[in-house]
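Trainee: I should like to learn how to read strand pairing, a helix and a chain contact in a model. May we go through them in turn?

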Protein chains: 2
Amino acid sequence: MDIVIIAIGDELLSGRTVDTNSAWLSANLDSMGIRTLERLTVADEIPAIIEALRRVKSRVKVCIITGGLGPTNDDLTVDALAKFAERKLVASKESLDIVLEKYRRRGLIVPVGGVPREALLPEGATPLDNAVGVAPGILMELDDFTIIALPGVPHEMKDIFERSVSGHLANFERGARAKVESIFTTGIPESRLFGVLEPVIDSFPDAKIAFYPSFYGVEIRLTGEVADARFRKFREAVREKASPWCYSTNEGSLPAIIGEILSLRGLNLSVAESCTGGLIASRLVDVPGASRWFEGGVVAYSNDAKIELLGVERSVIEDYGAVSGIVAGQMARGAAERFHTKFALSTTGIAGPSGGTPEKPVGLVFYALHSPEGTKVRSNIIAGPREAHRHRTSQAVLTMLWLELDGKYDNHQWADGSREFKL
Amino acid sequence: MDIVIIAIGDELLSGRTVDTNSAWLSANLDSMGIRTLERLTVADEIPAIIEALRRVKSRVKVCIITGGLGPTNDDLTVDALAKFAERKLVASKESLDIVLEKYRRRGLIVPVGGVPREALLPEGATPLDNAVGVAPGILMELDDFTIIALPGVPHEMKDIFERSVSGHLANFERGARAKVESIFTTGIPESRLFGVLEPVIDSFPDAKIAFYPSFYGVEIRLTGEVADARFRKFREAVREKASPWCYSTNEGSLPAIIGEILSLRGLNLSVAESCTGGLIASRLVDVPGASRWFEGGVVAYSNDAKIELLGVERSVIEDYGAVSGIVAGQMARGAAERFHTKFALSTTGIAGPSGGTPEKPVGLVFYALHSPEGTKVRSNIIAGPREAHRHRTSQAVLTMLWLELDGKYDNHQWADGSREFKL
């Protein structure tokens, strides 16, 4: 079954509010086997809403609307629904009971006449109770088209969806549905990964594969039926080709994968960050239970901090500069010593926008992994703005650690443009 | 002028990715006086893209597309544009120059034939240079319809928009338009802020005011014409009532405001973080030029790190626990000493989901400000998940520092539920 979602609201079209409702609805529909064919965002205007409903009615049998249900004069969804269906607005006993109960409990003042605006629905429509707000949702079934209208306030929308809508939708016929599988990669850019996989893709021309790049790597998504032997074969071939860079097939967070390994083996970690400025520590602490394997870190932004808190030699900074491979190595070793950890990571680089020189351009970064085997340092020039530099650098050094823990470091096919820096 | 935005991507329709691009574009268009008439989200399928373009063409003269530009086989926007316009795909000299230069600089391997996929555009279309990625944006002008296609990766999309698109759009006719003004507040929840402002709102019944809460505070937005005396009066009244909590009327980042003050006065700052785990350092380093006033920090996640790196007394941790006001105070003082800074901030708390006890529940946090005047400690119980706890705590302690630097700390009307902890 396919569905269209219409989000209503001037605050969405002006960009003041990011529409998280539609993504939430799509994800929930997706998990029920219902595909969102398209999403629309339209203004708080009756003609715009009616026009959108007309277009949608010709394409799907079910439409979910969010927004524009409420007590104020810019809430026009109910009026638009009545006009679209050519029905009167009435307060049924059911909707009046629901809404007056909320008014009573919240101590709101019922308007003269005894009918709050939120109780008015198109004739024949069913109110959907809203346990966390006042205005009920609306279910309106026309001949061959069902409209479900939900409030725009996220927790009210979710409450009504979970309480009433999901059960209703489950009654519709369900299609068989393909499963989506993810392969999370790090340390290889999208174009290069595509090049690696191209022969496989070419030999399975109807297989569905998609690439989702972010600062942290590329997620590969395969769509298919596990029951289908050809899909399984395709999946195996992709996994094999991507394996040097694949850290997980179900968990997208590299810090979570690293934490799992460290925790299982009773190992621990600390960090010494310059250009990443606390981002690596922050990503590690994001993992619940990180205190079992993460001891802490130093954000050594100044030279003095590098020297005094991490034991970097002043003469080394003077001779080679703070952004250098030897400083990165000393930072990582210093963190391991200070925090008494087996492993330590460090970063030092020029995130920009200023601070570059001809020899050390903006984007240059050195990062190191200290382990019981010694200290390894790599360098790279990372393009993009300050934000990209910090995120990509954090991922690059975490990738070093993951490869080391996985026993793959020494024979790794580096595909991220980084180079080894010989200490 | 009206515009329609089409976001392309299965990851959007499946709800795996929240579409922040469309909101960013709408907000930028809005500030240029261009209205987003409607937004559409469609699948990574050529017929769906073409069908959407046909519908849009009948309604507006300009359409912006995001997503589906890239090197892989699920990047179909360019193919769809060529089919829609009935043009061939060609690599013009201009686009080939742009793309090959990126390949060269990034060390990517040019495919056999010498034409990377990203260089192919519909005949006659103009490539829009992408300073932070490979695939250029596309400007395609048809008889009475202009299509601007941008990548889906947010920082690439923003780069091309700011570099090339905004200037192009500015050439189109502009409408007169009301200005939106922001007032950024911190340390007061939305409901309480609304209570403070209610008398003002009641005496200006047609004034437009909206509240946008986040982990970091509430942004108040006023819409009106600066030429209108009544609007100016309303704005003054709102600003006055909100002034105890207002840190800026143009810059939403509290770290940037703090950095400006520190930098002007030649002061410096360090941090000692436990529960916030590097988030404060990371937010400070986000401010370009932070090295002028930020020395660094310690993420002291373990007790040993608090003792060894920050000089917290072991007996104090044993007697009061690591999550205590006295430990917070010693952490801040320790950071100021170790980093030789005038000011230092610290946090220690229970972010959850586990780790709480009846005396020290999940959500409990102590945070401190060390300054030349001495050490001040506050505590609070912060509701919400781990992520909310860390973000709100980071903002609470930055708010302490801002109030201190602004000379408002001692007479502040605390509205965030926090209490002073007497050392």
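Mentor: Let us start with strands β1(B) and β3(B), which run parallel and are joined by 5 bridges. Two strands pair if DSSP finds at least two bridges between them; helices (H or I, at least four residues) and strands (E, at least two) are DSSP runs, numbered from the N terminus. Within this pairing, B:I3 stands opposite B:V62 of β3(B).

Trainee: What kind of model is this, and how is it numbered?

Mentor: This is a predicted model, in which local features need pLDDT of at least 70, side-chain atom pairs count only at pLDDT 80 or more, and totals for chains, interfaces and linings use all residues. Residues are numbered from 1 along each chain as its sequence is written, while chains are lettered from A and ligands numbered from 1 in the order in which they are written. Where pLDDT is low, the predicted coordinates should not be read in detail. pLDDT is the predictor's confidence in each residue, from 0 to 100; chain A has a mean of 91, with 98% of its residues at 70 or more. For the complex, the predictor gives an ipTM of 0.73 and a pTM of 0.74.

Trainee: Which residues of α3(B) are buried?

Mentor: An α-helix has 3.6 residues a turn, so residues three or four places apart point the same way. In α3(B), the buried residues are B:I49, B:A52, B:L53 and B:V56. They lie on the same side of α3(B) because they cover an arc of only 100 degrees around the axis, taken from the directions from the helix axis to the C-beta atoms. The face turned away from that buried side carries the exposed residues B:P47 and B:R54.

Trainee: How many residues does each chain bring to the contact?

Mentor: Two residues are in contact if their C-beta atoms, placed from the backbone, lie within 7 Å. Chain B brings 63 residues and chain A 61 residues. Strand β2 (residues 35-42) of chain A and β2(B) run antiparallel, joined by 3 bridges, with A:L40 partnered by B:L40.

How values were computed
A residue is buried if 20 or more other C-beta atoms lie within 10 Å of its own, exposed if 12 or fewer, and partly exposed in between; C-beta atoms are placed from the backbone.
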